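Visitor: I'm new to protein structures. Could you show me how to read some features?
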Amino acid sequence: MSELRAATRQSTARTGIIEFDGARGTVSIPCTIADVSGTGARLKLDWSLSFPKEATLVFADGLRKTCRVAWQQRRLIGVAFADGVASADEQALMMTEKEQALHRRHIGAQLKGAREARGYTEAQIANLVGVSPEFVSRAENGEISIPLHQLTHMADLLLVDLDSLVAGPASSDVELMAE
């Protein structure tokens, strides 16, 4: 399956509900949200069924996103959010706190590796980006989130693709989340 999404997908394993209008009213189907990004999600259904072109994905915390089906392969469905990119607040609701912490640590480790590979110190990167060395240290340790404009600037300075810094956690990390 080709990677056609516009935003990096983050692994998750949350339950959700897909709602759509059926012949006899609203149909609600439980699903597993396997991956999520700011622009869509990959869903796993408990059974194969005919699926409408548009539905509402309801996250466990009540967040509702209207989706269009991008692809379907038996019980797997890729959906794109119909209203465009999810806001930062919506994206925070789409992953558990544990998943968000894991993702911050992953980004921090990727950033640190790229910084060290280029021979920069934390202080040098901090100076070039306009933040404190403590900010860089805390970001590399996954203690804080890095605003997108600063992460983009860091990626440019380190000559790395932004996607390589924010790509989802390694499979071993995902397995740890499931425990």
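Guide: Let's go through a helix, the cysteines and the rings.

Guide: This is a predicted model, where local features need pLDDT of at least 70, side-chain atom pairs count only at pLDDT 80 or more, and totals for chains, interfaces and linings use all residues. Residues are numbered from 1 along each chain as its sequence is written, and side-chain values use heavy atoms, with hydrogens and water left out.

Visitor: How many residues does helix α2 have, and what does it reach from first C-alpha to last?

Guide: A helix is a DSSP run of H or I with at least four residues, numbered from the N terminus. Its expected span is 1.5 Å times one less than its number of residues. Helix α2 covers residues 97–118, so to speak 22 residues, and reaches 32 Å, close to the 32 Å expected. Gly119 follows α2, with a positive phi near 80°.

Visitor: Which residues of α2 are buried?

Guide: Buried means under 20% relative accessible area. In α2 the buried ones include Leu102, His103, His106 and Leu111.

Visitor: How many disulfides are there?

Guide: A disulfide is a covalent bond between the sulfur atoms of two cysteines; here the cut-off is within 2.5 Å. The count comes to zero. Why? The sulfur of Cys31 is 9.2 Å from its closest cysteine sulfur, in Cys67, which is too far for a bond. Cys31 is buried at 4% relative accessible area, and Cys67 is buried at 5%.

Visitor: What sits over the ring of Phe81?

Guide: A charge sits over a ring if NZ of Lys or CZ of Arg is within 6 Å of the ring centre and within 35 degrees of the ring normal. Here the charged end of Lys65 does so, 5.1 Å from the centre of the Phe81 ring.

Definitions and conventions:
Helices (H or I, at least four residues) and strands (E, at least two) are DSSP runs, numbered from the N terminus. Buried means under 20% relative accessible area, exposed over 50%, partly exposed in between (1.4 Å probe, protein chains only).
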